[in-house]
Amino acid sequence: MATADSSKRIKVLHVSPEAVPFCKVGGLADVVGSLPPSLKKSGADCRLLLPAWDGVLDAARDKGLKLERIPRSVDVAIDWRVCRGTLWKTSDGELPVYFLESPFFQGKNIYPQQLDPESVLPFVFLSFAALELEEVSEWNPDILHCHDWGTAPLIIALLWHKYYRLRQFEYRTVFTIHNLAHQGHLPLYSLRDWGIAEDAFTMFGLEYYGGANLMKGAVVGASAVTTVSPTYAWEIQTEEGGAGLGGLLRSHSHKVRGILNGLDTAYWNPLTDPLLPANYSQKDLTGKKKCRNALLEQLGWKEDGRPLFTSVGRMVDQKGFDILLPAIPRMVEWGCRLFLAGSGQHEYETAIQEASGRWPDSVASFIGYDEEIAHQAYAGGDFFLMPSKFEPCGLSQLISLRYGTLPVARSVGGLADTVFEYGAPGGNGFLIFDYSPEGLLSAIGRALDVFWNDAGGYRAAQVSGMASDFSWDRSAPVYHDLYRSLLP
Ligand code: GLC
């Protein structure tokens, strides 16, 4: 059973559907790939449990990791049925990782297109398997740290599963909200089929407008709820930003806290980045100029002194494409060049391709994700566009700041905690205050003014961003303190 005193190393199991370098859909994978190793460095006995989606075990072996098969099978109780899985553990490398193998994870994209009683089962299996880990692996964590709706069933099971709650685990749980837009809505009966007891299905439990809301259940049940920036922690407790859970989060505000995400600063380092055509640091930005020239050349553009705005990320509503697209004609008129890399909603992809057809010398895009192109866009731009509608934390602005590319970002969520308006103390970018094409253009106007008229100020803002500490060294100790505060 999990017990701890403060002199003992805290044992923390992170449970997530995705983590780099094994499998990735979005920013969650970056965070889960880099936070546990930092916690481990700072003294916690931290481990990670991941589903072995197709290709995951091969990815681990390709990284040179040795995998050891744990002899005992993982027997999970979904309702009173037993579902069996196999656990693999890395036996070298810095962070112990458990990979859970099961037919549940085969032939699937990580997240289903449509969440329903059937497509949720891989997440239920993963979550419940975490509760069996201590039996199977003979390692008993003090804290179970769950990420987003896909691991909410773990916290739900501890409180309301007919079998698991009888086991009387002494785990403390942390639930991290990376994005409140995805909460996990299901019909109540499907949770009955997992073995969840009736007392969960009230408004004080996980019932939500007659259905089940997994995230709600996790917020109610977790020992602590964190989210990925202080401003987002505040926003999600409002009616406007709470996506239907504002009141609930407010009533649990004593256990809600925002901890800013960090960056893997060893990987994202312009001085050593092997994917850049040239390296550089804040002391000498000659290499950045070379990166810019290389990017222009790749896009078939001649250097003519015009400012280059880049962006990397999913082309979806959240990222502000509905205000960016109508602003493009004016940006072109003002002499801007734009390079947008990413993929997402079909209508945005097409509109961007049309724009590059219309203004071939000013607008270019790369539809898809390519690690090398992403690095070159972070390094090669003069400005980095991030007009997000909402942004729990955002990692791209941290990367662009570190690469000396001034962000033009909406003043919201984690962007508001990391991007500061030019001219203010610590100014490192330009903020969009109003969520509209005009609001975006106003920030771009201020950016252009500095670009054309104030080379010294532009340079100072670059240095301010590049000198900031966005590493996990800043936030890992905050998680550590939180874990400690949860132990008896
Ligand atoms: C989600 C959020 C993003 C955040 C990331 C990691 O992808 O949209 O803002 O940075 O999770 O926490």
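This is a predicted model: local features need pLDDT of at least 70, side-chain atom pairs count only at pLDDT 80 or more; totals for chains, interfaces and linings use all residues.
Residues are numbered from 1 along each chain as its sequence is written, and side-chain values use heavy atoms, with hydrogens and water left out.

**View 1. The ring pair Tyr111 and Trp149.** A search of the whole structure finds 28 aromatic pairs. Rings of Phe, Tyr and Trp (its six-membered ring) pair if their centres lie within 6.5 Å; planes under 30 degrees apart count as stacked, over 60 as edge-to-face and the rest as tilted. A pair of aromatic rings is described by the distance of the centres and the angle of the planes. The centres of Tyr111 and Trp149 are 6.1 Å apart and their planes stand at 50°, so this pair is tilted. Tyr111 belongs to the loop between β6 (97-101) and α3 (121-137), and Trp149 to the loop between β7 (143-147) and α4 (152-160), 38 residues apart. Helices (H or I, at least four residues) and strands (E, at least two) are DSSP runs, numbered from the N terminus. Buried means under 20% relative accessible area, exposed over 50%, and partly exposed in between (1.4 Å probe, protein chains only). Tyr111 is partly exposed at 25% relative accessibility, whereas Trp149 is buried at 10%. Both rings belong to one aromatic cluster, formed by Trp53, Phe104, Phe105, Tyr111, Phe123, Phe125 and Trp149.

**View 2. The ring pair Phe128 and Tyr164.** The planes of these two rings stand at 65° and their centres are 5.4 Å apart, so the pair is edge-to-face. Phe128 is in helix α3 and Tyr164 is in the loop between α4 and β8 (172-177), so the pair ties together parts that are 36 residues apart in sequence. Phe128 is buried, at 0% relative accessibility. Tyr164 is also buried, with a relative accessible area of 0%.

**View 3. Helices α3 and α4.** The axes of α3 and α4 come within 7 Å and cross at roughly 55°. Axes are lines fitted to C-alpha atoms, for helices over the stretch in contact, and angles run from 0 to 180 degrees between N-to-C directions. Angles under 35 degrees count as roughly parallel, over 145 as roughly antiparallel, 65 to 115 as roughly perpendicular and the rest as oblique. The two helices α3 and α4 are therefore oblique to each other. On the α3 side, Phe123, Val124, Ser127, Phe128, Ala130 and Leu131 meet Pro153, Leu154, Ala157 and Leu158 of α4.

**View 4. Helices α1 and α17.** Helix α1 (27-41) packs against helix α17 (residues 472-486) at an angle of about 70°, with the axes 9 Å apart. This makes α1 roughly perpendicular to α17. Val31, Ser34, Leu35, Ser38 and Leu39 of α1 make the contact (heavy atoms within 4.5 Å) with Trp472, Ala476, Tyr479, His480 and Tyr483 of α17.

**View 5. Two charges over rings.** A charge sits over a ring if NZ of Lys or CZ of Arg is within 6 Å of the ring centre and within 35 degrees of the ring normal. The charged end of Lys24 is placed over the ring of Tyr369, 5.9 Å from its centre. Arg61 lies over the face of Trp88, at 5.7 Å from the ring centre.

**View 6. Backbone details at Pro21, Gln168 and Tyr209.** The peptide bond from Val20 to Pro21 is cis, with omega near 5°. Pro21 is placed in the loop between β1 (11-15) and α1. Gln168, in the loop between α4 and β8, has phi near 50°, a positive value in a residue other than glycine. Gln168 is exposed, with a relative accessible area of 61%. For Tyr209, phi is near 50°. Tyr209 lies in the loop between β10 (207-208) and β11 (211-213) and is exposed at 75% relative accessibility.

**View 7. The surroundings of Ser388.** Ser388 is buried, with a relative accessible area of 0%. Leaving aside neighbours within four places in sequence, Ser388 is in contact with Gln318, Lys319, Gly320, Arg410, Val412, Leu415 and Tyr435.
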